[in-house]
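This report describes how the secondary-structure elements of the model below are arranged and packed.

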Amino acid sequence: MANGSNFFQNIISSIFGSNDPEVLKKKQLKNIAKDLSKSKYHFYKYSVNQVDPSFAKFIYEIYKVIAPAQVLFQNANTNTFKNVVIRYMMDEKATELLENLDENVIARQASTMPIKELQKKVRLDLEGFLAQYDSAKIRQGDDLFNKLILFDSFCKFDFYYMLKKFDGLMKERNFDLTPHFNAVSGAYLSEDIKNFIAVAWALPFDGSWDDLFKLLKKMNSVEPVPLNTWKKILARLKPVRDHRILEMMVRLITEKPDYREHIRVEENHIMEEFLGEIKHQVERNLERIKEQQTTGKIDTLLPMVFSGPVGELENYNDENSEPFQKKGFRGFLYCDPLRYLNQFLNDYTKKEMKELADILLVRGEWSNQQKAVPMSDAYHKLLTISSHLYDFDQKIAEGGEYGTKLKTHLPRSDRDKEAANIIKMILGDVNDEAGEIILEASQCYVLFGRQLKICIEDFSKAPRSELILNWKDLDKFAEGNLKQKSVAVYKQLFNFVQLMQNFQVSVNEKSSSRR
């Protein structure tokens, strides 16, 4: 009875169809084989699961043409192609401007040109260079590079590895002997066909290849493949692609009727990347030259200002800044200028300057006392700044206003966004206050020095001086010659101000002190 039931089920299934997946798959595969047999490309015999020698001949004809390009491209890589395309897209004007932006050229100019003038010139050259590349030229360069990459990938496909499966005696890139191809089991070739599809169908069949072959000829002096021959290859491949001949072969070989090849074509944007790198490199070179010149100036000025080593502040120093920097914060920004200021305030302002200020401001008979006010105010403000600097440094100590908060929130800043924001805010306030101290002190030294220069000029007019009337009497209160002492103090103030001007100090710009 069961056999009779199966007999009737088979009859019904044959008439009305079946939902059995295996039956459906076989039916799909038969339909694919039927479609493939109707095409003019008889590359595969479904009945025996063999790839026909005609497929090998089809691939061989391509291989013969591509072989010279394989040799030319064997040592080339993506970076090589990038440089070739970028140079190809560069006209005479762009080449000249790029040479002006060369690191060595800029370095030579730096030895004969002030840094600000150099920066202006180099940035004008950079602006001119970037202006050579409009959106159309950028797109043209990107398209050319992408086409070159696809052409290279196609040429580097291992045709020989595939063809040797049809003729084991075949020699690589030896076309003197005609190969004898035999039919090959489909299972032995499915991955090769898939790999060929991936590189072949990625080619832009409908685009122009003229610009690429001009580039190839410029690269190698000769065309690796004649352009007309290449166009014939594309013409042979296009109908195979359009009719999905190779895809049908893979479906039948793998018995996967739903197989689809997803062609991935990467869009590279080398031109914008190149222009961005040039801009970054130029700015980096200018910054490095500026840093080198600044370091050189600082190294020259330090022994002129200080007779010995300069000590660190107790709390606002590089060592205490390091824990913040390790966690990604910018830390203390003005450690060096602030310690120089502290040393100068203690070693010079409260000694040499004080002695001179006492003579000029206390013992001096000014023709108009109001004219002494700017110098007096500047000096006394410096003494106030000295106290302020000490108090500021103490606020960063562990028990200080800033120090307590920093110590509390820093350990949590890795996992707690609010704690990190608090650290950034406090460091911003700390650095802003340090910057304010430096700028205010520098202004006071400039003002005091300016007034001192006026006094020195007035001293030269004695006994007909107009500012201080008792220069002769004042001279006896100075250790040595008063004018020489005044000149020495002025020079020291000038050197110190020059030293401080080498540091980038800004305030009221909270973002500059953030992470």
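## Helix α3 against α12

Helices α3 and α12 are roughly antiparallel to each other, a label given to angles over 145 degrees, whereas angles under 35 degrees count as roughly parallel, 65 to 115 as roughly perpendicular and the rest as oblique. Their axes lie 11 Å apart and the packing angle is about 155°, where axes are lines fitted to C-alpha atoms, for helices over the stretch in contact, and angles run from 0 to 180 degrees between N-to-C directions. The crossing of α3 and α12 is left-handed, meaning that the near helix is turned anticlockwise from the far one by less than a right angle (clockwise would be right-handed). On the α3 side Phe58, Glu61, Ile62, Val65 and Ile66 meet Thr229, Trp230, Ile233, Arg236, Leu237 and Val240 of α12, contact being defined as heavy atoms within 4.5 Å.

The model is a predicted one, in which local features need pLDDT of at least 70 and side-chain atom pairs count only at pLDDT 80 or more, while totals for chains, interfaces and linings use all residues. Residues are numbered from 1 along each chain as its sequence is written, and side-chain values use heavy atoms, with hydrogens and water left out.

Helix α3 comprises 21 residues, 53-73, and reaches 29 Å from its first C-alpha to its last, close to the expected 30 Å, which is 1.5 Å times one less than the number of residues. Helices (H or I, at least four residues) and strands (E, at least two) are DSSP runs, numbered from the N terminus. At Ile66 α3 bends by about 45°, and Pro68 follows within four residues; the bend is the angle between axes fitted to the seven residues ending there and the seven starting there.

The axes of α3 and α8 (residues 135-155) come within 9 Å and cross at roughly 115°, which makes α3 roughly perpendicular to α8. The contact involves Ile62, Ile66, Ala69, Gln70 and Phe73 of α3, together with Leu148, Phe151, Asp152, Phe154 and Cys155 of α8.

## Helices α18 and α19

Helix α18 (residues 401-409) packs on α19 (residues 417-459) at an angle of about 150°, with the axes 9 Å apart. The two are therefore roughly antiparallel, and their crossing is left-handed.

## The sheet

Three strands form an open antiparallel sheet in the order β1-β2-β3, strands being paired if DSSP finds at least two bridges between them. β1 (44-45) and β3 (184-185) stand at the edges with a single partner strand each, so one side of each lacks a neighbour in the sheet. Two bridges join β2 (residues 50-51) to β3, and Gln50 stands opposite Ser185 in β3.
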